[in-house]
Amino acid sequence: MNLRVITSSSHPATIALEGSLDLHGVEEVETPFLAAISAHPGAVVDLSQLTFVASLGMRMFIAAHKILALTGKPLIVFSPNPQVRKIIHHSGMDSLLTIAEDETEARSLATAG
Amino acid sequence: MSDPNPTSNLAALRHDLRTPINHILGYSELLAEDLADQGIKNLGDLEKVQIAAKQLLGLIDSRLTDSASPALPESPKPLAEPVPEATIQAPTPTLATLAGRILVVDDHPDNRDVLAKRLQRQGHQTAQAKDGQQALEMLAASPFDLVLLDILMPTMDGTTALGHMKADPALRHIPVIMISALDEIESVVSCIEMGAEDFLPKPFNPTLLRARIGASLEKKAFRDQEQAYLHQIEETQKRLADELQEAARYVTSILPPPMEHPFSIAWAYTPSTELGGDSFGYHWIDSTHFAIYLLDVCGHGVGAALLSVAAINVLRSGSLHETDFRDPGQVLTGLNASFQMEQHNNMYFTIWYGVFDTATRTLHHASGGHPPAILLTPGEDGSNTLSEVRCPGTLIGVMPDISFESESQVIPPNARLFVYCDGAYEIKGPDGKMLDFDTDFLTFLQEHGRSPSLPDDVLAWIHSMNPDPVLDDDYSFITIDFPATS
């Protein structure tokens, strides 16, 4: 499980999650992910290389959502593969997350928000 | 002596001659210590006796030697004499303070007596045995911290007794110090190889005796402590395992038995660890409303199981304030208000909750972020159609103050409903990739959906993908066969 924070001069930053958010993946990545979300509250999250989200992975997104809610910002994710999109849909988390089709849409939603 | 071997005859002669002289030396040293305790430093004739005895020992070792014997050291005199006390490091306070219960084993009563008296002077408790056989009997009868074991004894010699001790799990941890004359060095070596802790040459040097006994007792004390900790850890592990099993039995015991009438309900449940975060149930709310529910707490283990049981008991007992349990939306709204994750160890759960109204054959249902139930409907041509039974709704405990809606649909005759958790399909396939809900799981249900043992069939299918007997997630699967007519 990988986490990349891509910061550039153009706001906002992109946080990319790559691999499987299973039990081990969550253990590895939860703390740095939430730290990155706290440090870059306007960031958008690239899910294009994410292959799976277990229930504890969903809890990580819930925590990120709650951190951002304190600053009035939404959690914007983009490009989930069909399987991850299905998991998010089944969990009803699509009512909490904003899912963009691609990075351009995600950035535009973030700057509009 | 019938032994034709001149070497062993010589050794026996040395042994017989040295024994009384060792007694003289031993007793004279004890007397000297007693006098020193009384402040008398001039030992007079006693000192002459000691010197004469030591000279005599030296003579025995130097004259009664066999050049062919490998047992005798080249220069026996310095070794035969007691080791000068100045060359031996004084025992540490730790060693000096460790007193033990010591068994002295020697066929000669005076040898035992001298040694026992000396050990008692050093603060130890002693017991005596006249040979290996008696020693083993005494060791079996009461606990000892250390055994001082002579090598040459009638009935059962020291080497044999040591062999018995080291072969006995109850005795092998007791340290054994071999008592030997210097020409028994070969026997000593083999005893050390058999597991003896150390050896003490005769005549006994008081300081050496104290140091070796102290070291052996200290090792024994550490070993006993280690054993006690190990025992404590084993006890704790056993207790925890027993308690986990008890908890697992409780979690399973609250699952309802399969039923036949008016619906046929079958299920399979396999937790990932001893305790799972899944739970489910079904019961009559009144004469026409039958509730079916399955919930899945995030994660598994003790914490998940506790929340799972707490939530399922709320449903079983119908104990939500001002809630109509025939209305799934109301039930989930009440659960969400009662089980906010901040108050429940940061855990949420998903749930599918349905109520079947037998009067109208209508299924009312709601979902808290749970995978959709699947309805298998028979067509007129004998084919089966799968459809998802899912009302939008998010995870229970995540957002406060939200309401959950219900949806309803009429259940056709002979339809079959599947309610399950995500552990039924979120598994890795043979290629290491997660199975796909639509193309893998639903396809399997389409092909095998009418199997009377479907819950077990799905579990077998999962295991066929991954041979690991421990599942990554809990597995729960329920089938409900609705009757042809009301």
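Q: How many C-beta neighbours does B:N346 have inside 10 Å, and is B:N346 buried, partly exposed or exposed?
A: This is a predicted model. In it, B:N346 has 13 C-beta neighbours inside 10 Å, so B:N346 counts as partly exposed.

Q: Where does B:N346 sit in chain B?
A: B:N346 belongs to the loop between α11 and β9 of chain B.

Q: What is phi of B:N346 near?
A: Phi of B:N346 is near 60 degrees, which is positive, and the residue is not a glycine.

Q: And B:N345, what is its phi about?
A: B:N345 has a phi of about 55 degrees, a positive value, and B:N345 is not a glycine either. Its loop in chain B runs between α11 (328–338) and β9 (349–357).

Q: Switching to peptide bonds: is the one from B:H261 to B:P262 cis or trans?
A: The bond from B:H261 to B:P262 is cis, and omega is near -5 degrees.

Q: Which loop has B:P262 in it?
A: B:P262 is in the chain B loop between α9 (206–253) and β6 (264–270).

Q: Now the contact of the chains. How many residues come from chain B and from chain A?
A: Chain B gives 15 residues to the contact and chain A gives 15 residues.

Q: How do the residues on the chain B side divide into nonpolar, polar and charged?
A: On the side of chain B that touches chain A, nine are nonpolar, five are polar and one is charged.

Note on methods:
Residues numbered from 1 in each chain as written. Chains lettered and ligands numbered in written order. Predicted model: local features only at pLDDT ≥ 70, side-chain atom pairs only at ≥ 80, totals over all residues. Contact = placed C-beta atoms within 7 Å. Nonpolar A, V, L, I, M, F, W, Y, C, P; charged D, E, K, R; others polar. Helix = DSSP H or I, 4+ residues; strand = E, 2+ residues; numbered from the N terminus. Buried ≥ 20, exposed ≤ 12 C-beta atoms within 10 Å, placed from the backbone.
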